[in-house]
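Please keep the sequence and the model in view while reading.

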Amino acid sequence: MRIGLLTEGGYPYVTGEARLWCDRLVRGLDQHEFDIFALARSADQEERGWIALPPQVNRVRTAPLYWADDDSVVYGRRRRRRFAEHFGELVGALCAGESGEAGTGSSDAAADRFSTALYGLAELARDEGGLAAALRSESAVSALESACRAPGALRAAQHARVSDLLAVAGLLERALRPLSLDWYEDVEGGLGAVDVCHATSGGAAALPGLLAQHFFGVPLLVTEYGVQLRAHYLGASPDLLGAPARALLAAFHGRLATEVYRRATLITPGNTHARRWQEKCGADRAKLRTVYPGMESARFAEVGESEPVEDGDTLVWVGRIEPSKDLIALLHAFAEVRKEEPKARLRIVGAPAQGAEAAAYLAHCRALAAQLFPDEAEDVHAVGDNPVSFEEIGSPEVPELADAYAAGGVVVLSSVVEGFPISLVEAMFCGRATVSTDVGAVVEVIGGTGLVVPPRNPRALADACVALLRDPERRERLGAAARARALELFTVEQNIAAFRGIYLEIVSHCPVRREALDESGEPLPFGHPAEAHVPGRWAAAKGVTGFGQWLAGRNSGRSGPSWVTDGVTDDEAGEVADGAGGAGEPVSVGAPAAPAAPEGES
């Protein structure tokens, strides 16, 4: 089958998130063809280029999100009226509601209003060649202002100033840029020619998938390892936008998340934490299939299969140094650990700090460590040494990532905000006992193979670390259990196997109905097999599904076609129907291939 892989700010570019698991997915499913539709977030990302692509990638189509061409489309009076109607409905849906958390408790009427306006704008962009100029026009700002001033509008939106309206209008234009792309064609290279659209995240990446489903009926699969709506809430800075602008943008992202979850054929969250967010935003539980991220375990095999570490007094922290990791609490916790275990050491291993904020936070942590732990020496003739060290992956002390986990007996995670804890899974692959804070998907990942404490509680973190430092047998037992759990749930192989089955499930239940044409463009006789025209739904809610469901109902009256009923008794038909109920896949009962067209028949 042909998969349309929709990405934003990642694959196939060499920088960005989600590129690793996308590359592993494409390479692991070499029996399928992939068309990549990628949205770039910055000029730097495009300049750095792509990673090497496997042969099953047929083509790559890209579009920038960081700027938009001036489409120079001048609308006539009728088109301006049509735009004003749809955009007015869109911003009206954003402003209508009892709270700014649109998408979490919004009514069906508001969701339908947003949906109708969104697809109306998409159809206008498709007919007229783009929306960029219209979305930046004065009429768009006027429509937004009218919606904010309307009775019953969000309280925060009612206080929007001109600067807020201009900021929101600009950000909405950026978010709606995918509507103006030329990807929506039912020809080779267009989204209408694929069998499944697979969006690797929600938000902007899923928008082309929504339009492919709207225009061509292509089923949409949405995978979220980090929920886009949650990322927007965490990333909304009060220093850059006022409260009215933040409320309106939160409403837009909430409505868009609701629409994506409503229209998606299946949704694959990466963990239960993400699943709860999706359910809160209106996702149907029947559509949800949890698929854990696949990670390479081979690089950690040598450490995981080696003998227990001799330096059991060392705690190790591995990750990206930033405020959400709460290294401040970790340092205070280690101060308590040193009171109980004076020989304990802490190694903080991270990637090089990127950005002014990360560099400032790292400097603050170094200063606090120097204050809490002055350099110590065994005697008056020895050189002082600090029990806390800050190291970088790739340095002589830690040349490889696996060496970081091999450096200690206990791995610590002290985050206050976390999605899927990658570093925790890597520690489990290495067979290390762990102490973690109860955030994000930590408890789900650990599953009883490590210790979990409340976040922002240095005393609890210290007690858990001391308990493991004093009990080598417990460390070894927990580490072995953690490695076994990681190898069972979090490998690349299980991830690829899960998506292989999901692709087949979607295509069998929701095939794209396209007219079969010959080389001259004329209808092709018998271009679709007879099984494609079996009446009824292929995906039943409960019990018997697919062809077995149809066969069971039709055989009760013995009114099915002769090629089904001939040679099949009532009991045999019932057995076939019973066997089809578990896997949810169509069952064939000796159906012959469709006959070839006789010569001269049109």
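What percentage of the 602 residues of the chain count as buried? The figure is 48%. The model is a predicted one, and the values below are computed from it.

**Overall figures**

The chain holds 24 helices and twelve strands. Among contacts with a separation of 6 or more, 72% are between residues 24 or more positions apart. The accessible surface of the chain is about 27900 Å², and carbon and sulfur atoms account for 51% of that surface.

Helix α11 covers residues 243–263, 21 residues in total. From its first C-alpha to its last, α11 reaches 30 Å, which is close to the 30 Å expected at 1.5 Å a residue. Of the 21 residues in α11, 16 are buried, and the helix is mostly covered.

V260 is found in this helix, α11. Its relative accessibility is 2%, so V260 counts as buried, the cut-off being under 20%. Leaving out residues up to four places away in sequence, V260 touches A206, L210 and V222. The C-alpha atoms of V260 and G282 are separated by 9.5 Å, and the two residues are 22 residues apart along the chain.

**The pair α14 and α15**

Two packed helices are described by the angle between their axes and the distance between the axes. Helix α14 runs over residues 327–340 and helix α15 over residues 356–372. How are α14 and α15 oriented to each other, roughly parallel or roughly antiparallel? Their axes come within 10 Å and cross at roughly 10°. Angles under 35 degrees count as roughly parallel, and α14 and α15 are therefore roughly parallel to each other.

On the α14 side, the contact is made by L327, I328, L331 and H332. On the α15 side, Y361, H364, C365, L368, A369 and L372 take part. By type, the residues of the contact of α14 with α15 divide into eight nonpolar, two polar and no charged. An α-helix has 3.6 residues a turn, so residues three or four places apart point the same way.

**Backbone details in loops**

A cis peptide bond joins Y11 and P12, with omega about 5°. P12 lies in the loop between β1 (2–8) and α1 (19–28).

D326 and R456 each have a positive phi in a residue other than glycine.

**T314 in strand β7**

Which residues are in contact with T314, leaving aside its neighbours within four places in sequence? They are R345, R347, A407, G408, G409, V410 and L469. T314 has its place in strand β7. With a relative accessibility of 2%, T314 counts as buried.

Technical notes
Residues numbered from 1 in each chain as written. Predicted model: local features only at pLDDT ≥ 70, side-chain atom pairs only at ≥ 80, totals over all residues. Heavy atoms only, no water. Helix = DSSP H or I, 4+ residues; strand = E, 2+ residues; numbered from the N terminus. Expected span 1.5 Å × (residues − 1). Buried < 20%, exposed > 50% of the residue type's maximum accessible area, 1.4 Å probe, protein only. Axes fitted to C-alpha atoms, helices over the stretch in contact; angles between N-to-C directions. Parallel < 35°, antiparallel > 145°, perpendicular 65-115°, else oblique. Contact = heavy atoms within 4.5 Å. Nonpolar A, V, L, I, M, F, W, Y, C, P; charged D, E, K, R; others polar. Areas by Shrake-Rupley, 256 points an atom, 1.4 Å probe, with all protein chains shown as cover.
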